[in-house]
Structures are given as C-alpha cells and as structure tokens.
Amino acid sequence: MGGSRGSGGVADTASLGADERVRPTLTESLARDASIPLGGPIGEHAVVGRHWFWTPLRVGLLLAVVALALSWFGKAACIQQNAGPDGSLGLDWSGSRQFTAMCYSDIVPLYGAERLDRGGFPYATMWYDDEGKPTQHERYMEYPVLTGMFMWANAQMAQGWVELAKQGWLPTGLDVVVYFDITALWLALAWLVTIWAVALCAKRRKWDAAFIALSPLVIVHAFTNFDTLATAFAAVGLLAWARKRPVLAGVLLGLGGAAKLYPLFFLGPLLVLCIRSGKTRDWWRTAGAAAATWAAVNAPFYLHPDTARGWGEFFRLNSTRGADPDSLYNVFMQWLNWPGFDGPLGFKEPPTVLNTVTAVLFLAACAAIAFVAWHARTKPRVAQLCFLVVAAFLLTNKVWSPQYSLWLVPLAILAIPRWKPLLAWMAIDAALWAPRMFFYLGTDNKGLPQDWFLGFVVARDLAVIALCVMVIIEIYRPHRDLVRAHGDDDPIGGVLDGAPDRFTLRRKEQPKEEPTQLVAATTP
C-alpha cells in the first residue's frame, strides 16, 4: 500500500480505515462493556493495526489457549490417581467423582472400553460385551476410521511413554492418564487450527474468532470427546473454498467426514449455492475430491478381510441406537409417557420407524433450506446455509451428544456474528452439562430428577432454533446482516462471492409502468 510516511516511518495508510476494519468495542456492546477495565472502547480516530506482534488472530489464539487450559483443569479431577491396598495405582472415581466433579470425559473410559489398553489394532480387534449373559454380543471399534486411528495412535504413544518412564527417562503415571494428556494435546492443537481458520474466513471481522476462542462450550467440551479434530478439518475446508481451491476444500471435507460425518454436510449448501450461481463445475470438483478422499481413507479397512466387519461397527451401532436422553424424541417420550415410534424393542432390534422419521425430517429441513436459498432475493452466504443444515441435523437427529455442540460454534460466528445472542446460546448449552451429570448420578445418590435435565435440553434446542430464525431473517433482509454491512457479499464464498444469479425461484418482477399523464380539458 502506498501513502505518505509520518515521523515514525510508518505509512499513513498502513492502518485499515473504519470502513475496512470492524472494531468490536465500537460495534458490540458486550465487547464495549468488557473493555472498561482495560481502558474502555478504542477511539474512533485511534491508529490500529500497527503493533508488530499483537494482531487479532494472535490475541484469539492466546485466548483459545486460556480456554483450553481451563477445559483441561475441568477434566483433571477424572484423571486423579490413588494407591490401592496392594500399593498399585488406579483411577480415583470413588463416590461417582466423574459426575459429582462434572469432569467426565469419554476419552478416559474408552481407553479400556475400546481395548486400546491391550494393544490390539482397531477394527481387527473383537470382544464381547455382556459376556456370559443372554445379551452377549460382539463389539469392535465404534468410531469412524480417522478418529479410531487417532485414538489408537495416541494409545501407542502413551504406552511408549510409560515404557520409557520405567527406565527413568520421563515422569510416569497410569497409562490411561498419559493417554488422556497426549490426546488432549492434539485436540487442543486442532481447536487452535479451528480458531486460525475461522479468523482468516472472517476477514475484516477477525475479532469474532477471538470471541469464540473463549466460548463456554469449549471450556466444557473441548476434551469431552474427539470432536475438535473434525472442527479443524471443517473450518480449514471452508477456508480452502473461500480461497477458490475447490479440490483442496474437498480433500479437507473428506478427511473431516472420515473423522465425524458432519463436514460432509457442507456439500449440500455448496451445491444449492452453486446451482443458483451457475458454478456447478466447481462443486463437482469439491464433491469428487471429498468422495475420493473419504473412500481412500476407508477403503483399506472396508476391503481387508480382517477389518471389514469392524469397519461397519459405526454404522451398525448408529442404526440400532434408540433415542438418546439428549434428543427431543426422548423429551416427548418422558414427558408424555409415550413409548416412542417403535414401541418396546427387543435386544439389538433397530428402531426402524425412528430411523425413518429422523431421516425424513432432516431431508425435509434440507429441502426447506434449499428453498430459502433459491427464493431469497439476495444469495445467502455459505456460512449461513452450513449453519442451518448442521443445526437441522442436530435438532432432528435421535442423538445429540453434548460435544456435538462444538460443531456449531465456528459456523455460528461466521453465519450470525452477533455476540450477545451467541453467548446466550453457548451459556445455556454449556450449563446443560451440570444437570446432565447430576441426572446420570441418580436421585438415589442425591442427583437431580430427569425433568431438570430435560428442561435444559428443551432450552438448548429453543436457543438454537432462535439462532436459525435470526439467520433466515437476515437471509431475506440482507441489510441487517453484519457481515454485509461494509459492502461484502460473502467472505468465504470463493467462486460464489459476487457471482450473479443464474437460477432462482423468484418470479420475474414486472417492469413498473410509467404513470399515465392526465391532460385536463380546457374550455376555449
């Protein structure tokens, strides 16, 4: 950038102007109030963007590190060790510590439950649950391939660490504790990648990434399961699309789909918008790359005779799973004393009707989103449709595991960067963890009755629905969209950014007729 230089040798134009940089202390009341202990909002004529190190992205990454540290400490109570009568170390989960301390994490019990502690290879190792009982059934690794191999690799590293520690080279502990810490390290790095990608996608609104870096959902659920791995692939995939690299975007979304299914849902919104803009060739490149990548990751496990059956465990479990406690279906079943769509089921009998209902409702929601995308006068942004599709999946699905809410965090800030509504939703969703833990504790152990938990489930779902309504309103009234307030079309649109419409469902507007001029008759 050119421009004259001041006494400090810095170009006058080195700092972005007010019309190019969004400064949240001037635009967000939440940021303005939070800035008071630090000196208050930035002045309208202040020189910004010249610090050699502290950029909004680096501030966001630092805040993410703080949130991740808080998240680790929140789970630390569940990796406490104590010595048994024989002097051997074991995890201290006495008194249902995992619930009373609200530190439960799937990472800890899955180390043994998925037989990672025994060194077996995922998808080839089979075991029996309920062995010796009428409900005995064979089991394999239940996670998608990329997540399953991630878990196995961390287990191998943990066991190698423990072996080195026995020789006095490293500090030691239970292998499950070492496994949790190694896994948490990689998951934390994945969330930092997510924040980095969101900041670059947000462009002039980079402070939005700093806002979600401190999300209550991250503090509670960053290490509840393995989902930050998928959020990283999903966010970087959107960044690749924004930079007009459709093949790379497809590869990243395919890898994300091999970790968790939801990144592949982005292909739907991209297809709808590409049809509207006549850019279907770019979509085919992305979809083809995503499909090829997903197939390349899964094919070795699906085709090898030793792992083929284990590979299908993820799909079998999802087909036979009933309505989880976190779903609206369970809310209706409990509050209305309703047996569910399928009624009483036998052991391992799939809920066929429930599976069909969830699929039909999700497809219907996707069709409604496509209608909105083609009917709105202004083409929606990619992030808006991706948020709506993922939210629709969670709301209609029979399972909403608590960590799934992390999927929405990056999409929400890109779709509707309004800090107060987003903070309200994230706070409600994060607070749901407390009644969930005390519901699982059981009323016999002084836990909470299930109505507290179900009430928070409903509140969480209503908050997400409210955000969806806000997004749809801004699609139909783009002048209210904060992202477009400075003249941008779609910062992550890639080839769609600024592209004219080629297909819509709006009727062609009739040209306005010129008003007829009436000439008054005059008497000669």
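Helix 18 (382-396) and helix 22 (residues 450-476) have axes that come within 10 Å and cross at roughly 150°. The two helices are therefore roughly antiparallel to each other, a label used for angles over 145 degrees. This is a predicted model, where local features need pLDDT of at least 70, side-chain atom pairs count only at pLDDT 80 or more, and totals for chains, interfaces and linings use all residues. Residues are numbered from 1 along each chain as its sequence is written, and side-chain values use heavy atoms, with hydrogens and water left out.

- Helices here are DSSP runs (H or I, at least four residues), numbered from the N terminus.
- Axes are lines fitted to C-alpha atoms, over the stretch in contact for helices, and angles run from 0 to 180 degrees between N-to-C directions.
- The crossing of helix 18 and helix 22 is left-handed, so the near helix is turned anticlockwise from the far one by less than a right angle.
- On the helix 18 side, Q384, L385, F387, L388, A391 and L395 meet residues of helix 22 that include D461, V464 and I475; contact means heavy atoms within 4.5 Å.
- Sort the residues of this contact by class and you get 12 nonpolar, one polar and two charged.
- For that sorting, Ala, Val, Leu, Ile, Met, Phe, Trp, Tyr, Cys and Pro count as nonpolar, Asp, Glu, Lys and Arg as charged, and the others, Gly among them, as polar.

**Helix 11 with helix 13**

- Helix 11 (residues 246-259) and helix 13 (residues 280-303) pack at an angle of about 40°, with their axes 7 Å apart.
- Helix 11 and helix 13 are therefore oblique to each other; oblique is what remains once angles under 35 degrees (roughly parallel), over 145 (roughly antiparallel) and 65 to 115 (roughly perpendicular) are taken out.
- The crossing of helix 11 and helix 13 is right-handed, which is the clockwise case.
- Residues making the contact include G250, G254 and G257 of helix 11 and A289, A290 and W294 of helix 13.
- The contact of helix 11 with helix 13 has 10 nonpolar, six polar and two charged residues.

**Around helix 21**

- Helix 21 (residues 433-441) has W433, P435, R436, M437 and L441 as its buried residues; buried means under 20% relative accessible area, exposed over 50%, and partly exposed in between (1.4 Å probe, protein chains only).
- The cover over those buried residues includes helix 3 (56-76), helix 9 (216-221) and helix 22.
- Just after helix 21, G442 takes a positive phi of about 95°.

- N397 sits in the loop between helix 18 and helix 19 (408-415), and N397 is buried, with a relative accessible area of 17%.
- A polar atom of the N397 side chain lies 2.9 Å from the backbone oxygen of V399.
- Leaving aside neighbours within four places in sequence, N397 is in contact with S327, Y329 and T358.
- E313 belongs to helix 15 (residues 313-320) and is buried, with a relative accessible area of 3%.
- The E313 side chain makes a polar contact with the side chain of R316 (2.7 Å); a polar contact is a pair of N or O atoms within 3.5 Å, where, within protein, one must be able to donate a hydrogen and the other to accept it, and residues adjacent in sequence count only if both atoms are side-chain atoms.
- V65, in helix 3, is partly exposed, with a relative accessible area of 43%.
- The C-alpha atoms of V65 and A188 are separated by 7.9 Å, with the two residues 123 residues apart along the chain.
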